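Subject: Handing over the model

Hi,

Here is the structure I said I would pass on.

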Amino acid sequence: MVDFSLWDIFRNLLLAARWTVVLSLIAFIGGGLVGLGLLVFRLSKTPGADKLVGAYVQLFQGTPLLMQLFLSYFGIALFGINTSAWVAAALALTLYTSAFLTEIWRGCVNSIPKGQWEAAQSLALNFPEQLRYVVLPQAVKIAIPPTVGFLVQVIKGTALASVIGFVELTKAGTMITNATFKPFLVYSCLALMYFALCFPISLVAHRLERNMNRGRQ
Amino acid sequence: MDANKNILVEIAQLRKSFGTNEVLKGIDLQVEAGEVIAIIGKSGSGKSTLLRCINGLEVFQSGKLTVDGKPLMHENALAMRELRQRVGMIFQSFNLFPHLTVGKNVMLAPRLVKQRETKPGEEQARQLLARVGLVEKYDAYPDQLSGGQQQRVAIARALAMEPAVLLCDEITSALDPELVGEVLRVVESLANEGMTLLMVTHEMSFARKVSDRVIFMHQGRVHEIGPPELLFANPQTPELQQFLSSLND
Amino acid sequence: MRIDLDFLAVLSQWPLLLKGVGLTLALTVISATIGVMVGVACAWSRANGPVWLKWVVGSYVELVRNTPFIVQLFFIYFGLPAAGLKLSPEVASIIAMVVNLSAYATEIIRAGIEATPKGQIEAAMSLALNRMQTFTRVVLPPALKKVWPAMVSQIIIVMLGSAVCGQISTEELSYAANLIQSRNFRAFEAFIVATLIYLVLSMAVRRLLNWLGPRFLWGR
């Protein structure tokens, strides 16, 4: 049996961590764009938009991310498209992120007082102008802390992509465990690496939230 | 036929319900250009709802509402945009845009709706702010202003669209008493310049002084209507008598 | 291109699915109960305890909230045996779920506790209640009531997260779905059925917990 040093373990995990970061960014940015579109659609008062987006959100928030990943993986295969775990994971995580972000952002827009909408309307601004120049600038400010906070959830979510075979941090961890027979050590390192990724972001989000609450006296 | 009579706002048999609760039970009203009308009454009598129907913030179920000869068409976005350029509104809670400076608050709508260029827009904004006595606050943010100052900025913001009619929805009710005067002075000067005003107000002495007609609303109807000297001095109905006496308590 | 779906092959395995649902619910009930209790204890420590205890609980909370549940689960099931503690899949799952839920519960409940108006505590003290009585009878019930929606949401999140426990052979719902599809190769159908069952479960459990809270936790 080959003897692995701590450094070997660490190095391999670090290499795999790249993919965790890449997947997280793709899901976060892609999910953000989709979520924004869904938000505008929901706000546009198109008949049925509210119910449709509401159902979409309920679907992703009321089911396990693991199931969503499996469905993405086997669902794409159903259409005869031979796909890698990578694409399936990116798709599932993007949609998952879009549902949560659109709901977070909807809450932020709803917290803008109705009077702002009415003042904008009374000044003859149309709906896109009301949104773009009056409501969204205010909503964005409120939305930053919870959005940054959700990035942590996305990073943790990428760990599940290991189950469908995508080689990110967690998958690398299980593979290294199988090779080294040192699960306690490997999984501890794994936890620490996720912690190193997520904790700074949590701190930033927390600080942003505190600053905002202080400024809102 | 009086050649000077120019009906700006015509309301016929207006009915509005919130769900099963009928709040406006058939309003008839004609407002001439240059008229100042004060609307008084108990809370829940439908005063604000009536005002908000005129600029389309509330949708009414039956009746006819015409502004400047054009009937109100709620589903037609372009018609509503036209309407709101003719009709301006000042709110009880000011509703200034907190993320924009005072100057930008005033300039926003003319820029977007009337495609006003930056320089003429700035000039107009400074002019209007001078008119309401706040030109030095051009670069300030709304949260740096007192309530009375914010309301005066709101007036300047509405005037920037050069409306034919100004709707004032209890614009001094949220102000500390010592700040009410500065706002009322601005409104009075607007009235003297010939602006058509519809004001929902609790400031009876102001209404008496400035308005051409006073409307007393009660339970969704125009209960009494007439010039202030007659209405305040000689209330005809027991409801108005009760309302006026309750104010003096 | 024809897509050939056969849901009957999956639905005919309903006994397996039912068993899986049963275990998912059992895991959720047990870990929610213990998790909330631990959460209350930790929240109290963080709000009222000595400095060293605050630090310990705080570190625990941040560690759990910033690492994925699957890693926590694998550490407990695969990692602890190397340190001498071997656990069954079910026990490991419960421990992982409790550890996870408690960390979030701590913060949720702490927010509720810290929002208690000072006057309430002063009134309790002047009525000669001791600290424990003040906490359990005056501070905690209104705090729980206030944060209950957030707590319910977190329990649902942990229930949905329990799907991962199938990976260590805990025979809950996702394991049942996996087992079914490994036998009849109807992967997509199996996971659709399981997903829909999870959706129904999340709605039902939410309703149940919203009913339960007022009745048992803070007396209407």
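In chain C, helix α7 packs against helix α9: C:Leu144, C:Trp148, C:Val152, C:Ile155, C:Ile156, C:Met159 and C:Leu160 on the α7(C) side meet C:Tyr198, C:Leu201, C:Ser202, C:Val205, C:Arg206, C:Leu209, C:Asn210, C:Gly213 and C:Leu217 on the α9(C) side. Sorted by class, that contact has 12 nonpolar, 3 polar and 1 charged residues. Before going on, note that this is a predicted model, in which local features need pLDDT of at least 70 and side-chain atom pairs count only at pLDDT 80 or more, while totals for chains, interfaces and linings use all residues. Residues are numbered from 1 along each chain as its sequence is written, and chains are lettered from A and ligands numbered from 1 in the order in which they are written.

"In contact" means that the C-beta atoms of two residues, placed from the backbone, lie within 7 Å. For the classes, Ala, Val, Leu, Ile, Met, Phe, Trp, Tyr, Cys and Pro count as nonpolar, Asp, Glu, Lys and Arg as charged, and the others, Gly among them, as polar. Helices (H or I, at least four residues) and strands (E, at least two) are DSSP runs, numbered from the N terminus.

Back to that pair. Axes here are lines fitted to C-alpha atoms, for helices over the stretch in contact, and angles run from 0 to 180 degrees between N-to-C directions.

α7(C) has another partner, α2(C). What is the angle between α2(C) and α7(C)? Their axes cross at roughly 140 degrees and come within 11 Å, so the two are oblique to each other. This crossing is right-handed. From α2(C), C:Thr24, C:Thr28, C:Ser31, C:Ala32, C:Val40 and C:Trp44 meet C:Phe135, C:Leu140, C:Ile155, C:Val158 and C:Met159 of α7(C). That contact has 8 nonpolar, 3 polar and no charged residues.

α2(C) also crosses α3(C) (residues 51-65), at roughly 130 degrees with axes within 8 Å. That pair is therefore oblique, and its crossing is left-handed. C:Cys42, C:Ser45 and C:Arg46 from α2(C) make the contact with C:Leu53, C:Lys54, C:Val57 and C:Gly58 from α3(C).

As for the whole chains, chain C has 9 helices and 0 strands, and its C-alpha trace spans about 75 × 45 × 30 Å along the principal axes. Chain A has 8 helices and 0 strands, with a span of about 75 × 50 × 25 Å.

How do the chains meet? Of the 2 pairs in contact, chains A and C share the most contacts. Chain A puts 30 residues into that contact and chain C 31. On the chain A side, α8(A) gives the most, with 11 residues, and the side as a whole divides into 21 nonpolar, 8 polar and 1 charged.

Chain B has 19 residues in contact with 15 residues of chain A. On the chain B side, α2 (77-86), β6 (87-90) and α3 (102-113) each supply at least two residues. Chain B and chain C do not touch, and their nearest C-alpha atoms are 28 Å apart.

Cheers

Technical notes: Angles under 35 degrees count as roughly parallel, over 145 as roughly antiparallel, 65 to 115 as roughly perpendicular and the rest as oblique. A crossing is left-handed if the near helix is turned anticlockwise from the far one by less than a right angle, and right-handed if clockwise.
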